[in-house]
Amino acid sequence: MNISASNAHLNFEPNFLSSSQARQLFDTLQSSLNWRQDEIYVYGRAVAIPRLQAWYGDSGQEYQYSGLKMTAMPWTKELVDIKAKIEAVTGCQFNSCLANLYRDGSDTVGWHSDDEPELGAQPVIASLSLGETRNFQLKHKTLKEKLTIPLNSGSLLVMAGETQHAWQHCLPRTKRLKSPRINLTFRKIIG
Ligand SMILES: O=C(O)CCC(=O)C(=O)O
Ligand SMILES: [Fe+2]
């Protein structure tokens, strides 16, 4: 299903995985990925980011994030399998995956665009959600458009075209939620 918005290409498949497939993949990834608590430097002080992360990809892939350099860990079998499935429906090839673990509703990601130069001008980002449903918010950088997409377990959101150029997105804090959510964002690093 396409979601219409100015200067964006958004496609959302709420039932990309069945709920039992999604639950099984959640359990496997939660226990098997190499989750780490990263820190960023804010005014020279180390601050723990409000989620756990793990970075996987083809060998040698490096990724910069708020001054943090991450080297990709080698693909696991589960990640290779789900990547192939996502590549089949999107017709795109991905060489890396940033995994996020939101331990409960207090974990978040703030407003940003995935517009690092190494992703190219019009990156395709495929985002798979597992576990607790969290609201994904998008806001246009210059128009007054806003969108909220509830990302349920097993859903796939693909952002392409101008989306990262024209929009920012975030995952707001929802304190009352006590269950974890895993998000996999498949990306293609160029060059
Ligand atoms: O968890 C999400 O749905 C979004 C994650 C995200 O925006 C990112 O990792 O760049
Ligand atoms: Fe993002």
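Student: How many residues of strand E5 are buried?
Tutor: This is a predicted model, in which local features need pLDDT of at least 70, side-chain atom pairs count only at pLDDT 80 or more, and totals for chains, interfaces and linings use all residues. Residues are numbered from 1 along each chain as its sequence is written, while chains are lettered from A and ligands numbered from 1 in the order in which they are written. Strand E5 spans residues 52-57; strands (E, at least two residues) and helices (H or I, at least four) are DSSP runs, numbered from the N terminus. A residue is buried if 20 or more other C-beta atoms, placed from the backbone, lie within 10 Å of its own, and in E5 the number that are buried is 6 of 6.

Student: Which residues of E5 are buried on each face?
Tutor: Both faces of the strand are covered. One side holds Leu-52, Ala-54 and Tyr-56, and the other holds Gln-53, Trp-55 and Gly-57.

Student: Which residue in E8 stands opposite Tyr-56?
Tutor: E5 and E8 run antiparallel and are joined by 6 bridges; two strands pair if DSSP finds at least two bridges between them. Opposite Tyr-56 stands Cys-97.

Student: Which strands are at the edges of the open sheet of 4 strands?
Tutor: The order is E9-E14-E11-E12, with antiparallel pairing. Within it, 4 bridges join E11 to E14, and His-140 has Trp-167 as its bridge partner in E14. The strands that pair on one side only are E9 (109-112) and E12 (146-151).

Student: How many charged residues are in the shell around ligand 1?
Tutor: The residues around ligand 1 include His-169, Asp-114 and Asn-183; a residue is near a molecule if its C-beta atom, placed from the backbone, lies within 6 Å of it. Asp, Glu, Lys and Arg count as charged, Ala, Val, Leu, Ile, Met, Phe, Trp, Tyr, Cys and Pro as nonpolar, and the others, Gly among them, as polar. The shell has 5 nonpolar and 5 polar residues, and its charged count is 1.

Terms used:
A residue is buried if 20 or more other C-beta atoms lie within 10 Å of its own, exposed if 12 or fewer, and partly exposed in between; C-beta atoms are placed from the backbone.
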